[in-house]
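User: I would like a close look at one part of this model. Please keep it brisk.

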Amino acid sequence: MSPRELTLAAVDLGASSGRVMAARVGPGRLDLTEVHRFPNRPVRTAGTLQWDVLGLYAGVLDGLRAAGHEADGRGLDGIGIDSWAVDVGLLDADGALLGNPVHYRDARHETAVPAVHALVPPGELYRVNGLQHLPFNTVFQLAAMRGTARFAAARQALLVPDLLAHWLTGARVAEVTNASTTGLLDATTRQWATGLLDRLDLPRDLFPALVQPGEEIGRLTAEVRAETGLGAVPVLAVGSHDTASAVVGVPARGDRFAYVSCGTWSLVGVELDGPVLTEAGRTAGFTNEIGVDGTVRYLHNVMGLWLLQESLRTWAAAGLPADLPELLAAAARVPAFTAVVDADDPRFLPPGDMPARIAQACADTGQTPPQSQAETVRCIVDSLALAYRRTVRRAVELSGRDVDVVHLVGGGARNALLCQLTADACGRPVLAGPVEAAALGNALVQARALGGLEGGLGEMRELLRATQSLVEYRPSGTDAGWAAAEARLS
């Protein structure tokens, strides 16, 4: 049977907003239309930062209704959901949600790190799960919940996209790319690490059956069909971790490429066939997350555009100018390397006054802190490019996979200054785009599962190159300035 053109809904949830994209996918065609966007506003209650997951679900329903209208009588052929990783909703014995998922930026998760490491030392934990140590990984979140009434009542743990798919279909599953971010999946067997669960006293039946990208999760329930006006549309597992979908959306040729999936976080790495579970990788903070088609996303999490987002929020709250294009234009006129910071510094993780923390970090390393908003923005983009340089170099060293080009996808692809600085810092050309890599990857996996496309990642990426706009940035200048700036932070 030859491929056919499909109409799909790609639900793509980010840390600050969610959107539903209507996609038309078929031979030689890959079009996206944003049909609904809605805010994602975390809420702090009783000292705990939480996600308003019911508000997100309402936004998804509104978006699916809009996608149905956009289909203009053709109907939807499929729905896929991707989101950020690690955060979980707990269900009780009746299937009711036991409170909102706690936000990964909530400080409580860190309290469980020593207890987990006392039971499973960090080196041993890495040899099992292959994950970069982050204090908010699901393994620490669940350990922090132990002893609470909520945890005692829990019978199932669902990551955010799996929770939304459950409400749409009634099915309870764990999509494997997102499950691989929990710290509770064996990086070698790609199954739940039951021995690890037992040692941490986490009930095995808390974790549902695993599904692969492309598998059907279920069809819309009668309730959802009545709410949205849609038919019994299949909800398909995609790369439900948004980075897994974004890496599908990297328009690469061959395998000699690095990627920067640049949003609130920047995920920087290479695509491999298997995990790298070395001690050197662990100490360098590299993670092995499962990708689509059995690939491994060998990457390091860099703080990302969060540094800019929180700075803009702080300035806006103080009544200062907060127009990003204008600030980037001013930053481009600031001399390079006036000040740089380590983008991975843990002090930048929580919400708060980011410019003040950046200034303090500069002072702590003997540098003159930024004296203006433009200097702060220049410090951020220089520091991010420096972090990408360091991470790409380490990914090559640790994996043995050399790279000829860096693909920068996601919202950061709009930031011309950051893209050029990344090319300069890495000494390799940067291909920027597509901006909507995660939604595109989501739609591509759906389309292949439903017969709209044939082939593997190579064929998907060929379609991306034929249909999406890309901008190339060539390295300029010399390496000396970058090397000197890097030396300030060593």
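Which residues are buried in helix 6?

Analyst: This is a predicted model: local features need pLDDT of at least 70 and side-chain atom pairs count only at pLDDT 80 or more, while totals for chains, interfaces and linings use all residues. Residues are numbered from 1 along each chain as its sequence is written, and side-chain values use heavy atoms, with hydrogens and water left out.

In helix 6, the buried residues are V160, P161, D162, L163, L164, A165, H166, W167, L168 and T169. Buried means under 20% relative accessible area, exposed over 50%, and partly exposed in between (1.4 Å probe, protein chains only). Helices (H or I, at least four residues) and strands (E, at least two) are DSSP runs, numbered from the N terminus. After helix 6 comes G170, with a positive phi near 90 degrees.

Strand 13 can be read in the same terms.

Now the pairing of strand 13. Two strands pair if DSSP finds at least two bridges between them. Strand 17 (residues 405-409) runs parallel to strand 13, joined by 5 bridges. There, V406 is the bridge partner of A258. Strand 14 (residues 266-272) pairs with strand 13 in the antiparallel sense, over 5 bridges. In strand 14, V270 stands opposite A258. A hairpin of 3 residues links strand 13 to strand 14.
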